[in-house]
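Okay, thanks for coming, everyone.

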Amino acid sequence: MKKILFVLKTLMLGCVAAVLISPRAFSEESSTKTVLESRYISESDVDAQSGQLTIGETKFSFEHEFKLDNGMPITVSFLDKHTDINSDVAVYLPSKLEGRSLGLGVKFPAPFTESENYFVGLDISPSMYTDGWSENSSSAFRIPGRAYLVYKRDDNFIVIAGLSIRPGFDTTVLPLIGFIYRPNDQWELNFSSDNPNIKYKFSDKTKVLIEADIVNDEYEVTHNGEKGRVLFYRELSAGIGLEHNFTDSITGLISVGSVFSRMIKYEDDNGKIKPDAGMYVKARLSVHF
């Protein structure tokens, strides 16, 4: 039965992938962005326990946006997230965590209004977050989604509000609220995602930014006799960095900062650690065309 369930869920992911790579997706009005990011969190002590841990992360994302014949924008995406954990704490922690998700999003004019400034957005993201990949991790399959309202005065002022729906997660409903504001050519405030930032245009090619990040992930553990247990991974971070446009389509970023309010624990509360604040160094390369 487990094998059948795993095959069905794999086929579902395959069907979504087939939609993503269909020829219709590559219309004349389209844009594509790929991002490779690496972050290293320095060695940290653990509150009220002996031992330390260091964490390394790598992310790869792909996003393609196109428009249907009626002008409706469609966004398809893929995210691969790999986390290495090196620790000697008493609580068993997987040496690696893997997260992969596909995304499909659509925006359309808001009903009950004739204003062209309001839109409704709907996103779904079939996902797998585990400590490895095997048929034993099939129960980690989730399909979180988002529904939100967008007010777009122009490209310089956008407000977003809605809900994130995450069936199967510990927190199933989360509020979404944010905005993008560009008061002039030098400043940009982007609080529309889990990675809010403020950018200042230092020169034609270089920007200084203050960034933050919110992590609220859940992974199903399948190894070392911990099969089926859910591991919560939560943290906040903030830092400062430099973003440089090497060409019109290639952008690089390097930043440093602190990771705090950290917690790694199992859903059943039998095993919990609270790492102390640690320093991070991050590098990111973005290609868009």
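**A walk through the strands and the surface**

Let's begin with serine 261, which sits in strand β15, residues 250–266. Strands here are DSSP runs of E with at least two residues, helices are H or I runs of at least four, and both are numbered from the N terminus. Before I go on, this is a predicted model, so to speak: local features need pLDDT of at least 70, side-chain atom pairs count only at pLDDT 80 or more, and totals for chains, interfaces and linings use all residues. Residues are numbered from 1 along each chain as its sequence is written, and side-chain values use heavy atoms, with hydrogens and water left out.

Back to serine 261. What is its phi? Near 50°, a positive value in a residue other than glycine. Most residues other than glycine have a negative phi. Serine 261 is also exposed, because its relative accessible area is 52%. On that scale, buried means under 20% relative accessible area, exposed means over 50%, and partly exposed is in between, using a 1.4 Å probe and protein chains only.

Phenylalanine 112 has a positive phi too, about 65°, and is not a glycine. You'll find phenylalanine 112 in the loop between β4 and β5 (118–124). Is phenylalanine 112 buried or exposed? At 89% relative accessibility, it counts as exposed.

**Serine 44 and its contacts**

Now for serine 44, in strand β1, residues 30–45. With 3% relative accessibility, serine 44 counts as buried. What does the serine 44 side chain make a polar contact with? The side chain of arginine 262, at 3.0 Å. The serine 44 side chain also reaches the backbone oxygen of serine 42, at 3.2 Å. By polar contact I mean a pair of N or O atoms within 3.5 Å; within protein, one must be able to donate a hydrogen and the other to accept it, and residues adjacent in sequence count only if both atoms are side-chain atoms.

Another serine to look at is serine 193, in the loop between β11 (187–190) and β12 (197–201). Serine 193 is partly exposed, because its relative accessibility is 41%. A polar atom of its side chain lies 3.1 Å from the backbone nitrogen of asparagine 195.

**Salt bridges**

Side chains of opposite charge can pair when their charged atoms come close. How many salt bridges does the structure hold? There are 13, counting a side-chain nitrogen of Lys or Arg within 4 Å of a carboxyl oxygen of Asp or Glu.

Take glutamate 37 and arginine 284, whose closest N and O atoms are 2.9 Å apart. That pair links distant parts of the chain: glutamate 37 is in strand β1 and arginine 284 in strand β17 (residues 278–288), 247 residues apart. Glutamate 37 is buried at 12% relative accessibility, whereas arginine 284 is partly exposed at 23%.

Then there's aspartate 80 with arginine 100, with closest N and O atoms 2.8 Å apart. Here strand β3 holds aspartate 80 and strand β4 holds arginine 100, and the two are 20 residues apart. Arginine 100 counts as partly exposed, at 35% relative accessibility.

One more pair: glutamate 211 and lysine 282, at 3.1 Å between the closest N and O atoms.

**Surface patches**

Last topic. Patches are made of residues with over 30% relative accessible area and no salt bridge; like charges are joined within 9 Å, and nonpolar side chains (Val, Leu, Ile, Met, Phe, Trp, Tyr) within 5 Å. Areas come from the Shrake-Rupley method with a 1.4 Å probe, and for residues only the protein chains shown count as cover.

Which residues form the negative surface patch? Glu43, Asp45, Asp47, Asp88 and Asp276. Asp and Glu count as negative and Lys and Arg as positive, with His and the chain ends not counted, and a charge is placed at NZ of Lys, CZ of Arg, CG of Asp or CD of Glu. Aspartate 88 is in the loop between β3 (73–87) and β4 (96–109), and is exposed at 52% relative accessible area.

There's a nonpolar patch as well, formed by Ile210, Ile240, Val256, Met279 and Val281, with about 430 Å² of accessible area together. Methionine 279 lies in strand β17 and is partly exposed at 48%.
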